[in-house]
Amino acid sequence: MFVRARSIDADSVQEHDVVIIGAGAAGIAIAREFLNQPSISVAMCEAGGLSFSDRSQEFYLGETSGSILEKNDAYLPSTRLRYFGGTTNHWHGWCGRLDPIDFEERPWLPVSGWPITLSDLEPYYQRALPIVEIDGIDTPLHKLATLDRPELLSESESVETKIFHRSPPTRFGQRYRAELKQSSNISVYLGAPIRSLEVDDSGKTIGHCLVAKGSDSSWKIRGKHYVLATGGLENPRMLLASQKRAPQGIGNEHDLVGRFFMDHLQILDIGQLILDSAHLNNHLYERFVHPILHHFVVATTCLSQAQQRQHHLQNCALFYLQPEQPVGPISTALRRALPKIDNPLSDISDSSPFFGRLECRTEQRPNRESRVTLTNELDDIGMPRLKLDWRLSKEDRESAYRTLELIAHEFGAQGEGRVRVVFDQNGPWDRRRTFGGAHHIGTTRMDTRPEHGVVNKDCRVHSMDNLFIAGSSVFPTSGVMNPTLTIVALALRLSDHLKGRLAQ
Amino acid sequence: MKLSRRRTLFLLGIGVTGLSLPIVIDLPLLNQRAFFDKSTIQELSSRLPYVPEVADAMKKLHPEVPLESFQSVLNSLYSQSRASLTAEQTLEIVKEKIRSDFRSGNVIDVAGWKLSETEVRIFCSQRDSEYL
């Protein structure tokens, strides 16, 4: 059922078994797991309403600094959405699995290594796929790459082709709204921003959450278990701002909350490519609806995991963009404007070697100094606004450069073309050509050791018996794939864990 | 497929006036067909002049390149083709040599382009060719 929070009396207490804070991909995926379990009462608190509003979005304003962010950059309010369905409301839909190497401890990457493996997560990936409404992501490459759409480089010991799949995209708030509304055991509180998590006298459990009712009053929501699922920026903000019993914030005994902020680095115009063979083209690498899968896919080129290990590199995917044929801008425009069948330039297009721009997406090296903190300014419900200091490292540049260089060598070795690297591995970060993927990762990282992670492998805050975190903030490293499918898979895994605890 | 000397110099990052100019990459400049075209190979196989001006530019950009050995290396590479190989066979030898360069890391950066040592040497040797 949906409950307008303004109808809740100030100072009242709402009791549930599970309290989920946040109604984005993670929160909704968890709540749905309890749809047919009437004996379990679930609350989901959404700070915003059912649709976008400027007033709600303004709660996301804060300070920014770092390698590529301007002061008061639009990054904070523009990369997430504060209403039912969360950031899935503007999600592009790209998703896929992380790679096995993403879960491994890589000695050249500090604090890398997940406490779980891809195999651990695989059953949950399978359950997550229908939730994001795609299937067929396991279709072998040889069935996807056809004579019309061949892969640019044959898979070898050095390179592999990675396919990104696109969900419709699933707007979780719209897609799952009706079933949540009709549910009798799930209460979705709308307009219910949590002001703080309150630790009880034991110091080890959350006793209740304070839900803001205007600027100076509140009501309480109480549960046996709490799941913080407000995204990679708000999760640490909430923990840091809940200081009543722990001045450093909840779960922050080892000064880890908010640290290791990462995003996927998108670097534009990192290189250029010509292909030797006219029969090759970049069609597989354009975003297109695949005739077998019936959803959008785009292919990229990556170094093999063996190459990443050998050269101590971060995971990175190379995208091929906008072929620019050598016939000049006017004829190019004509060729695009005219139907191919009547287009006298189509032969030129078909027979000319591809010449295109390269763009890369690279995993960011975990960096302790890249972090979310709180400012002294309070928002309208009295929560400190956040400050994001997003730091990139020289190793991030070097890794991207070296990856492109090795792929360039592979183009030559396979006799398929030549690559020009226009990215200066030693230069400064260029704000015009480098930006994030709006994937907020790492700020409540997962590790079996409390001194290295905020949550354990069950996503429970180490120092709290009943507080769990869902979302990409628990990723210790980002990999190169978009995070939503992994967010949902981890949420389903957490749901199973909660069901087990509730059954005890 | 027509490469002008001016374009080649652009590729090398050297303006015709000797000033360093922004690199303007023109597709035909690096069209692989230009590298591998049979007539090019035939011409190269019969006439492999050394181009001091271009070689000097390459040397400034890439001091590690043993330019002084270009002539001998290319002579060695093409000596067989002059003797008995067909153009197709010569082409395959060149292609394999270039691929081998990439596999073994004999790669040279020319204004950002990752090129095999062999093909750079070919570039530097095409004086008076119609491709220059």
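In this predicted model, H208(A) counts as buried because its relative accessibility is 14%, where buried means under 20% relative accessible area, exposed over 50% and partly exposed in between, with a 1.4 Å probe and protein chains only. The residue H208(A) has its place in strand β10 of chain A, residues 206–213, strands being DSSP runs of E with at least two residues and helices runs of H or I with at least four, both numbered from the N terminus. When neighbours within four places in sequence are left aside, H208(A) is in contact with S196(A), L197(A), E198(A), K220(A), I221(A), R222(A) and Y226(A), contact meaning heavy atoms within 4.5 Å.

Residues are numbered from 1 along each chain as its sequence is written, while chains are lettered from A and ligands numbered from 1 in the order in which they are written. Local features need pLDDT of at least 70 and side-chain atom pairs count only at pLDDT 80 or more, whereas totals for chains, interfaces and linings use all residues, and side-chain values use heavy atoms, with hydrogens and water left out.

One of the partners of H208(A), L197(A), is among the residues with the most contacts inside the largest nonpolar core, together with L180(A), V227(A) and L467(A). This core has 102 residues, a nonpolar core being a set of buried Ala, Val, Leu, Ile, Met, Phe, Trp, Tyr and Cys residues joined through side-chain atoms within 4.5 Å. Helix α14(A) gives the most to this core, with 10 residues. Not counting residues up to four places away in sequence, L197(A) touches several residues, including I21(A), I206(A), L228(A), M238(A) and L467(A). A second, separate core of 47 residues includes L233(A), I270(A), A299(A) and A400(A).

Two packed helices are described by the angle between their axes and the distance between the axes. The axes, which are lines fitted to C-alpha atoms, for helices over the stretch in contact, with angles running from 0 to 180 degrees between N-to-C directions, come within 8 Å for α5(A) (residues 118–131) and α14(A) (residues 484–503) and cross at roughly 115°. That angle makes α5(A) roughly perpendicular to α14(A), given that angles under 35 degrees count as roughly parallel, over 145 as roughly antiparallel, 65 to 115 as roughly perpendicular and the rest as oblique. The contact of α5(A) with α14(A) has 11 nonpolar, one polar and three charged residues, with Ala, Val, Leu, Ile, Met, Phe, Trp, Tyr, Cys and Pro counted as nonpolar, Asp, Glu, Lys and Arg as charged, and the others, Gly among them, as polar.

Helix α1(A) (residues 25–32) also packs with α14(A), at an angle of about 35° and with the axes 8 Å apart. In this contact, A25(A), A26(A), A29(A) and I30(A) of α1(A) meet residues of α14(A), among them I487(A), V488(A), A491(A) and L498(A), and by class there are 10 nonpolar, two polar and no charged residues. Helix α1(A) is mostly covered, with seven of its eight residues buried, and G27(A) is one of these buried residues. The C-alpha atoms of G27(A) and E46(A) are 9.4 Å apart in space, although the two are 19 residues apart in sequence. Residue E46(A), which lies in strand β4 (residues 42–46), counts as buried at 5% relative accessibility.

In chain B, the secondary structure comes to seven helices and two strands, and 50% of the 132 residues count as buried.
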